[in-house]
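Dear colleague,

Please find below the structure that I am handing over to you. My findings follow it.

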Amino acid sequence: MSFIHNYEETYGAIHPTFYQGTYSQAVNDAKKELKFLLVYLHSGEHQDTPSFCRETLGNTDVCEFINTRMLFWAASIDTPEGYRVSLTLRENTYPFLAIIVQRDSRMTVVARIEGAIKPQDLIQRLTRVMNDMEGYLVAARHDREARQFTQTLRQQQDQAYEESLKADQEKARKRKEEDDKKKMEEINAQKLADEEERKIQVLQYTILILKQDVIKKKQKIYF
C-alpha cells in the first residue's frame, strides 16, 4: 500500500489498477483466472521514470487497455519484495515491464518491455504479445474445462454408485428384517404349537389317571 500511496503522491492518481497483494499472489491469481499478468518494476531514480509514469501509465487508453485485459502488479526495486522480483526477472534498464502468462502449465515471462515507450506503442506491443500468446490460454482453458468435466463426471458416477450402494444396502436391510421377522414368527408359532401339544398331553394324562381311579373305585365296590 505504501508504494501505491507514494506513487500517487508523485505521479498522480491516474494509472492502471494496481494489484493489491504480493507478487506470488498476483502470479497465482493470474494462473487461476487464466489471465495475463503485467509486472512493472519501478525505479524512482531513473531519468525516464517520471515521463513514463505520467504520460504512459497515466494515459487513459493505456489504463483502460490494461484494466480490462490483465492483472497489473507493481513494486519499487527499493523495497525488499521489489528487489527480490528484480533478481528473478533480471531487468537491464527502466522503466521495466514483463508480461507473464501460463504456457505449457507454467507461468512464464513471454515478453519484456524495457526503456521508455509511448502510450500507443505500449498498447500495440501488449496487443501483439497477447495475440501471439492467446493460443496458450485457449489451450489451458480447454484443458481446465476437460479436467472439470472429467471431475464432474467422476463425482456424478461416484454419487450414483453411492446411491445405488445405499439402495442395495437398504434392500438387504429390509430383506433381513423380513427374514428375521418371519423366523421369529415361525419360532413363536412353534412355541405355541409345542405348548398346545404339552397341554393336550397333560390333559390326556389327567383323563387317564381319572379313569384309572374310577375303575379302582368300582372294583372296591364289587369286592
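In this predicted model, helix H4 has a face turned away from its buried side, and that face carries the exposed residues Thr60, Glu64 and Thr68. The buried residues of H4, which spans residues 60-69, are Val62, Cys63, Phe65 and Ile66. Viewed down the helix axis, the buried residues of H4 fall within an arc of 165°, so they line one face of the helix. At the start of H4, the backbone nitrogen of aspartate 61 has a side-chain oxygen of asparagine 59 within 2.8 Å.

I then turned to the aromatic residues. The whole structure contains 7 aromatic pairs. In one of them, tyrosine 23 and tryptophan 73 have ring centres 5.3 Å apart and planes at 65°; because planes over 60 degrees apart count as edge-to-face, the pair is edge-to-face. Tyrosine 23 belongs to helix H2 (residues 23-33) and tryptophan 73 to strand E2 (residues 70-76), so this pair ties together parts that are 50 residues apart in sequence. Both tyrosine 23 and tryptophan 73 are buried.

Tyrosine 40 and phenylalanine 52 form a tilted pair, at 5.5 Å centre to centre and with 40° between the planes. Since tyrosine 40 lies in strand E1 (residues 36-42) and phenylalanine 52 in helix H3 (residues 49-56), the pair ties together parts that are 12 residues apart in sequence. Tyrosine 40 and phenylalanine 52 are both buried.

Finally, arginine 103 lies over the face of tyrosine 136, 5.6 Å from the ring centre.

With kind regards

Note on methods:
Residues numbered from 1 in each chain as written. Predicted model: local features only at pLDDT ≥ 70, side-chain atom pairs only at ≥ 80, totals over all residues. Heavy atoms only, no water. Buried < 20%, exposed > 50% of the residue type's maximum accessible area, 1.4 Å probe, protein only. Helix = DSSP H or I, 4+ residues; strand = E, 2+ residues; numbered from the N terminus. Arc of directions from axis to C-beta. Polar contact = N/O pair within 3.5 Å; in protein donor to acceptor, adjacent residues only side chain to side chain. Phe/Tyr/Trp six-rings, centres within 6.5 Å; stacked < 30°, edge-to-face > 60°. Lys NZ or Arg CZ within 6 Å of the ring centre and 35° of its normal.
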